[in-house]
Amino acid sequence: MVTDMPEPAARYESIPPALWAIALCALAPFPIAAIAYGWGAADIARPALTVILTWSGIILAFLGGVRWGMESGRLKPRAERLLISVLSPVVAWTLLAARHRIPDGWIIGGCIGAFLVQWLFDHQAPDVPARYPRLSTALTAGACISLAVCLDQAMKTGHV
C-alpha cells in the first residue's frame, strides 16, 4: 500500500552530516556579507548588501522549491501548498526588483519577514520529515540574524 506518510522511523531520523555540510555552505554567505556590510569600508559595504539581498532571494527560492518538491511528490498534491511554495521566489524577486526604488531598510526588513513567514509555514506543514523543519530553522536563523545586522547598519546610515 502506497501512502503519503513517511514511515515512523524515517520521520525521526537524524540529519546526515552531508546535509548539515550543505546547509552550512548555503548559510556561509549570510554572515560574511553582513559583516562586510556592517563593518566594511564603503567600497565593500554596498556590494556586500547586494550579495546578502541576492543570496536571500536565492535561498528563499530554494526553500520554496524544496517545499514544492515535497508536495509534488505526494500521490495527491495539494494545490494550495504548491501555490504557497511558488510565492517564496515571487516575493524574493519582488523585493530585489524594488531595490533602489524604496529604501534599503525596507528591502532588508522584507527579506527578514519573508524568511519568517516561510519558516512559520514550514513548521506547520503536515507530512514532512522531521529533519526539514530543523534544517529550515538553521537557515532561517542564520539569514535573519545576518539580515538584522544589515538592517541595524542601514538604520545607522540613514538608508532606511
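Predicted model: local features only at pLDDT ≥ 70, side-chain atom pairs only at ≥ 80, totals over all residues.

Biologist: Fine. How many helices and strands in the protein chain?

Modeller: The chain has 7 helices and 0 strands. From the N terminus, the order is α-α-α-α-α-α-α.

Biologist: What box do the C-alpha atoms fill?

Modeller: Roughly 60 × 30 × 20 Å, along the principal axes.

Biologist: And how much of the chain counts as buried?

Modeller: Of the 160 residues, 38%. The accessible surface is about 8,700 Å², and carbon and sulfur atoms hold 74% of that.

Biologist: What share of the contacts with a separation of 6 or more comes from residues 24 or more positions apart?

Modeller: Those pairs make up 76%.

Biologist: Let's go to H6. What does the helix span, and what should it span?

Modeller: H6 covers residues 104-123, and its end C-alpha atoms are 29 Å apart. At 1.5 Å a residue, its 20 residues should span 28 Å, so the two agree.

Biologist: Which H6 residues are buried?

Modeller: Among them are Ile-107, Ile-108, Cys-111, Ile-112, Phe-115 and Phe-121.

Biologist: What do the buried residues of H6 pack against?

Modeller: Helix H3 (29-39), helix H4 (42-72), H5 and helix H7 (131-157).

Biologist: Switching to H5. Is Arg-81 buried or exposed?

Modeller: Arg-81 sits in helix H5. The residue counts as buried because its relative accessible area is 9%, under the 20% cut-off.

Biologist: What is Arg-81 in contact with, leaving aside neighbours within four places in sequence?

Modeller: Glu-71, Phe-121, Gln-124, Ala-125 and Pro-126.

Biologist: Now the surface. Which residues form the nonpolar patch?

Modeller: Trp-68, Ile-84, Val-86, Leu-87, Val-90 and Val-91. Together they have about 460 Å² of accessible area.

Biologist: Which helix gives the most to the patch?

Modeller: H5, residues 79-97, with 5 residues.

Biologist: Why does Ile-84 count as partly exposed?

Modeller: Ile-84 is in H5. Its relative accessibility is 31%, so Ile-84 falls between the 20% and 50% cut-offs.

Biologist: Last one. What is the phi of His-100?

Modeller: Positive, about 75°, although His-100 is not a glycine. His-100 lies in the loop between H5 and H6.

Biologist: Is His-100 buried or exposed?

Modeller: Exposed, because its relative accessible area is 64%, over the 50% cut-off.

Key:
Residues numbered from 1 in each chain as written. Heavy atoms only, no water. Patch = residues over 30% accessible without salt bridge, like charges linked within 9 Å, V, L, I, M, F, W, Y side chains within 5 Å. Areas by Shrake-Rupley, 256 points an atom, 1.4 Å probe, with all protein chains shown as cover. Salt bridge = Lys/Arg side-chain N within 4 Å of Asp/Glu carboxyl O. Helix = DSSP H or I, 4+ residues; strand = E, 2+ residues; numbered from the N terminus. Buried < 20%, exposed > 50% of the residue type's maximum accessible area, 1.4 Å probe, protein only. Expected span 1.5 Å × (residues − 1). Contact = heavy atoms within 4.5 Å.
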